[in-house]
Amino acid sequence: MSEKNGTPATPAGSTGPRPEPLRFFGTTWVDHDHGYTARRIAVAVGSLATAAASCLVLRFAYDGIQIAAVGGFVTVLVVVMFAVCSALAFRHTWEGFTKRPDPDRHASLRSLLMIGFVGSLLAYFFRSLTEAPGEKLHREEYEKARKQQQSRTTRRTGNPAKKRRRH
């Protein structure tokens, strides 16, 4: 086991499926070992603290808009934009934990996700309270790959009807 990233050390000739590492967790999510719980706690606290700091920065931006006296319409427009983008980013991030996102759609939503970064941080926080973010999806894919590998390696070889009889 690699202490650097939590990836299992496998022999060079090994042909079985390997688990895909998760951000901040490596492959510790497979067996919930090597500090998995501590990492989940750190991710939860870190994402919540980052979301809180981000809200403070947004508050300063709001104060700047108030000082600039650009008018009520622009102020409401900016607040609604951040709220809607955060809600959409939360939903997109949350769905990304249970199914693979479409790369084209993700690329087209990149700017929206950047504006709604607080929503993504909150999704990361809430998911890390129950599991490593993305663990369920990766576990399903890994188990499916293991079952396929097992069924490929345990198949019979040859036709049993052509089996030579011993006398």
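Mentor: H1 and H2 cross in a right-handed way. A crossing is left-handed if the near helix is turned anticlockwise from the far one by less than a right angle, and right-handed if clockwise. Helices (H or I, at least four residues) are DSSP runs, numbered from the N terminus. This is a predicted model, in which local features need pLDDT of at least 70, side-chain atom pairs count only at pLDDT 80 or more, and totals for chains, interfaces and linings use all residues. Residues are numbered from 1 along each chain as its sequence is written, and side-chain values use heavy atoms, with hydrogens and water left out.

Trainee: At what angle do the axes of H1 and H2 cross?

Mentor: Axes are lines fitted to C-alpha atoms, for helices over the stretch in contact, and angles run from 0 to 180 degrees between N-to-C directions. The axes of H1 and H2 (residues 72-96) cross at roughly 165° and come within 10 Å. Angles under 35 degrees count as roughly parallel, over 145 as roughly antiparallel, 65 to 115 as roughly perpendicular and the rest as oblique. H1 and H2 are therefore roughly antiparallel to each other.

Trainee: Which residues make the contact of H1 and H2?

Mentor: Contact means heavy atoms within 4.5 Å. From H1 come Leu 58, Tyr 62, Ile 65 and Gln 66, and from H2 come Thr 75, Val 78, Val 79 and Phe 82. By class, the contact of H1 with H2 has six nonpolar, two polar and no charged residues. Ala, Val, Leu, Ile, Met, Phe, Trp, Tyr, Cys and Pro count as nonpolar, Asp, Glu, Lys and Arg as charged, and the others, Gly among them, as polar.

Trainee: How do the axes of H1 and H5 cross?

Mentor: The axes of H1 and H5 (residues 117-128) cross at roughly 155° and come within 8 Å. That makes H1 roughly antiparallel to H5. The crossing of H1 and H5 is left-handed. Among the residues in contact are Ser 47, Ala 51, Ser 54 and Leu 58 of H1, with Phe 117, Val 118, Leu 121 and Ser 128 of H5. The contact of H1 with H5 divides into twelve nonpolar, four polar and one charged.

Trainee: Is Ser 54 buried or exposed?

Mentor: Buried means under 20% relative accessible area, exposed over 50%, partly exposed in between (1.4 Å probe, protein chains only). Ser 54 has 9% relative accessibility, so Ser 54 counts as buried. Ser 54 is found in H1 (residues 36-68). Leaving aside residues up to four places away in sequence, Ser 54 touches Phe 117, Val 118 and Leu 121. The side chain of Ser 54 also reaches the backbone oxygen of Thr 50 at 2.7 Å.

Trainee: Is Val 45 buried or exposed?

Mentor: Val 45 is exposed, because its relative accessible area is 53%. Val 45 is in H1. The C-alpha atoms of Val 45 and Ser 128 are 83 residues apart along the chain and separated by 9.3 Å.

Trainee: Where is Ala 69, and what is its phi?

Mentor: Ala 69 is in the loop between H1 and H2. Its phi is positive, about 50°, although Ala 69 is not a glycine. Ala 69 is exposed, with a relative accessible area of 63%. Phe 24, in the segment before H1, has phi near 75°, also a positive value in a residue other than glycine. At 53% relative accessibility, Phe 24 counts as exposed.

Definitions and conventions:
Helix = DSSP H or I, 4+ residues; strand = E, 2+ residues; numbered from the N terminus. Polar contact = N/O pair within 3.5 Å; in protein donor to acceptor, adjacent residues only side chain to side chain.
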